[in-house]
Amino acid sequence: MTDSDYMARALELAARGKGYTSPNPCVGAVVVKNGRIIGQGFHPKAGAPHAEVVAIDDAAAKHPEKLAGSTIYVTLEPCNHFGKTPPCTHKIFNAGISRVVVACKDPNPVAGGGIDFLREKGLEVVSGFMEQEALTLIEDFVWNVQNDTTPFVTLKCAATLDGYIATRTGDSQWITSQASRNFGHELRHQNDAILIGSGTLHGDDPSLTARIEGKQTRDPARIILDTRLTVQETAKVVVQKSTAPTIIVTGPDCDPGKILRLKEKGAQILECRVFENLLDLNDLMIKLRKLSITSLLIEGGGRVAASALAAGIVNKICYFLAPKIMGGNDGIPVFNGSGPEKIKDVFQLARVTTRQFGSDMLLTGYIEPQNRSGNGGR
Ligand SMILES: NC(=O)c1ccc[n+]([C@@H]2O[C@H](COP(=O)([O-])OP(=O)(O)OC[C@H]3O[C@@H](n4cnc5c(N)ncnc54)[C@H](OP(=O)(O)O)[C@@H]3O)[C@@H](O)[C@H]2O)c1
């Protein structure tokens with residue numbers, strides 16, 4: 001086994017914490033001595049021990065005699081400050097570990113300094129090993145450290161080969177395979193909140209919970225764009241039991257009686273600025289971040305997807321493509337709005353990857369900040 005194998009294992013462990021650790025990043029660690037893993041672990045949730053502590057305690061319980069002179073592989077720079085838990089750098093130093101391999105530096109200046117501390121104590125530290133993989137895993141955390149006013153936004157859609165998300169009657173169940181939909185639930189679990197428009201609410205009456213067989217998932221907060229408060233008081237998002245809130249976003253002057261009844265049923269109402277008869281998504285992002293929502297999954301439909309892109313709020317796109325063809329021009333398109341005149345003005349995706357789910361393909365890409373107003377921010 002090589003350094004890459006051990007760090008790959010640490011990344012795999014880190015990913016197990018994804019969805020549970022917000023607002024903290026997910027982190028994994030592996031302790032190795034003489035070519036064998038003697039301890040491993042990951043940060044399970046905010047407030048719980050950090051990955052290094054879990055891995056070192058695991059090694060101390062199973063192989064205490066092997067800790068001295070071992071190597072620890074950790075996906076994020078060990079913290080060097082007293083927060084909810086003591087610094088991981090002290091734990092590493094006191095355990096007698098002699099080599100530390102770090103994937104990425106902590107973007108949070110308060111928590112940084114761990115690498116310098118360990119080097120000053122005489123440990124060998126390798127930094128930046130498999131850095132890009134580690135940064136991708138905690139991309140929402142990195143975004144929030146660098147930009148504390150809006151959440152990291154992922155736009156997810158499921159389309160036919162000819163670019164439709166529903167038939168002309170609004171039927172969309174199901175375009176993609178079970179395997180794709182399972183991954184869609186994983187995305188829900190990984191995000192603090194999920195957002196849909198009133199078109200999808202009325203058409204599908206979705207529950208917007210995260211359901212993955214054999215996994216205790218975390219429901220995202222449900223955000224509904226509903227300018228004139230048309231939501232049915234019997235809609236699943238209003239009446240179902242969930243640990244996460246439903247937040248109905250409205251414009252001004254909605255029926256106060258209905259607001260009261262929805263609140264009594266547990267829904268939250270969030271009033272937002274209206275621009276050209278639609279809710280102002282930039283204003284909404286700032287309000288959601290103030291509610292501690294650090295990551296947001298937009299699930300559509302077509303009009304919401306188009307205006308989210310145009311508003312420049314989308315960081316990442318997860319585009320499922322199913323090998324199906326609507327075969328007409330009257331379905332609901334993935335992006336239902338007005339497009340640019342020139343190809344030079346289209347949105348350009350960067351860092352594109354693809355992955356297969358059954359017979360579907362998932363294309364993932366990013367819209368870098370400088371490319372977010374490709375069509376003039378319509
Ligand atoms: N295959 C997929 O991936 C997928 C995913 C989701 C949905 N769908 C399908 O998509 C269809 C619904 O799509 P849709 O385009 O008709 O409706 P939609 O995008 O779900 O909702 C659009 C509505 O949201 C409200 N809204 C408020 N502020 C907005 C803003 N800034 N931008 C856009 N909308 C805003 C508006 O209604 P108010 O004026 O009432 O506020 C608007 O008419 C359904 O058939 C559903 O099954 C498919």
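Me: Where does aspartate 205 lie?

Reply: Helices and strands are DSSP runs, numbered from the N terminus (H or I, at least four residues, for helices; E, at least two, for strands). Here, aspartate 205 sits in the loop linking α8 to β9 (221-225). Aspartate 205 isn't a glycine, yet its phi is positive, at about 45°. Keep in mind that this is a predicted model, where local features need pLDDT of at least 70, side-chain atom pairs count only at pLDDT 80 or more, and totals for chains, interfaces and linings use all residues. Residues are numbered from 1 along each chain as its sequence is written, and side-chain values use heavy atoms, with hydrogens and water left out.

Me: Which peptide bond is cis, with omega near 5°?

Reply: That's the one from glycine 300 to glycine 301. Glycine 301 belongs to the loop between β14 and α12. There's another cis bond, between serine 22 and proline 23, with omega about 10°. Proline 23 is in the loop that runs between α1 (3-16) and β1 (28-33).

Me: Which residues come nearest the ligand?

Reply: A residue is near a molecule if one of its heavy atoms lies within 4 Å of it. There are 26 residues around the ligand, and Ser172, Thr200, Thr227, Glu299 and Ser307 come nearest. By class, the shell has ten nonpolar, eleven polar and five charged residues (nonpolar: Ala, Val, Leu, Ile, Met, Phe, Trp, Tyr, Cys and Pro; charged: Asp, Glu, Lys and Arg; polar: the others, Gly among them).

Me: How far is a polar side-chain atom of threonine 200 from an oxygen atom of the ligand?

Reply: For a polar contact, look for a pair of N or O atoms within 3.5 Å. For threonine 200, the distance to the ligand oxygen is 2.6 Å. An N or O atom in the side chain of threonine 227 is also 2.6 Å from a ligand oxygen. Glycine 301 uses a polar backbone atom, 2.9 Å from an oxygen of the ligand. Alone, the ligand exposes 920 Å², and the protein buries 91% of that (Shrake-Rupley method, 1.4 Å probe).

Me: In what order do the nine strands form the open sheet?

Reply: Strands of a sheet pair through backbone hydrogen bonds, either parallel or antiparallel. Two strands pair if DSSP finds at least two bridges between them. In this sheet the order is β11-β10-β9-β8-β14-β6-β15-β18-β17, with mixed pairing. β11 (268-271) and β17 (350-357) are the edge strands, each pairing on one side only. Inside the sheet, β6 and β15 (residues 316-321) run parallel, joined by six bridges. Alanine 158, for example, has phenylalanine 320 in β15 as its bridge partner.

Technical notes: Polar contact = N/O pair within 3.5 Å; in protein donor to acceptor, adjacent residues only side chain to side chain.
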